[in-house]
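Have the viewer open and follow each solution step by step.

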Amino acid sequence: LLSQRVGQTNVSTLAIYTISTKKSAPLLTAKNLRNVSIAPGGATLAYYLMWQGDASGMYLLPTQPNASPVKLPFFGSWRWRDAQSLVYIPYTPGSAPSFVLYDIHSGQSRPLSDPNAQPFSILNDDWAMAPNGRALTLWNARDRAIWRLSLP
């Protein structure tokens, strides 16, 4: 995956570069592109666009030429759990944070944590998925300790 700024603008381009052919295939050109992350296996990208009016938000994009981005029905911090799912913390001001699993194929979400039973506050968005997707760790702002949460 190649990411490049267009001149001295806020416009970025994303392309897939194939080492064996030395050719690149464009994927996306977008203004104010942020937080691009690749799913394990490389088939899908997640990213967000900001300052776009109604188009602001999080998106998924297959890493195939001419693929269309799909806007996600939520906004918040996310990490890839595996090639088919994201774990995210919904941005809901005034509410306690929780972890939610989103299936990128079905579009279904399900809670992974209960904010009433296990309250937490993440410091500096510092959290990570275990490589096998069965747990996550976070730096808890309340006690400044590293927490581990096993996932179903």
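**Exercise 1.** Find which strand gives the most residues to the lining of the largest cavity, then describe that lining.

Solution. Start with strand β14 (residues 146–150), which contributes 3 residues, the most of any element; strands here are DSSP runs of E with at least two residues, numbered from the N terminus. The model is predicted, so to speak plainly: local features need pLDDT of at least 70, side-chain atom pairs count only at pLDDT 80 or more, and totals for chains, interfaces and linings use all residues. Residues are numbered from 1 along each chain as its sequence is written, and side-chain values use heavy atoms, without hydrogens and water.

Next, list the lining: F99, Q118, F120, L138, W147, R148 and L149. On a 1 Å grid over the protein atoms alone, a cavity is a set of points where a 1.4 Å probe fits but cannot get out, a pocket is an open set with protein on both sides within 12 Å along at least five of seven lines, and lining residues have an atom within 4 Å of a point.

Then sort by class: 5 nonpolar, 1 polar and 1 charged (nonpolar: Ala, Val, Leu, Ile, Met, Phe, Trp, Tyr, Cys and Pro; charged: Asp, Glu, Lys and Arg; polar: the others, Gly among them).

Finally, the volume is about 50 Å³, and the search finds 1 cavity of 30 Å³ or more.

**Exercise 2.** Locate the largest pocket and say which residues are closest to its centre.

Solution. The largest pocket has a volume of about 230 Å³. Of its 16 lining residues, G76, S77, I89, P90 and Y91 are the closest to the centre. β8 gives the largest share, 4 residues.

Terms used:
Points joined across faces, edges and corners; volume = space filled by probe spheres on them.
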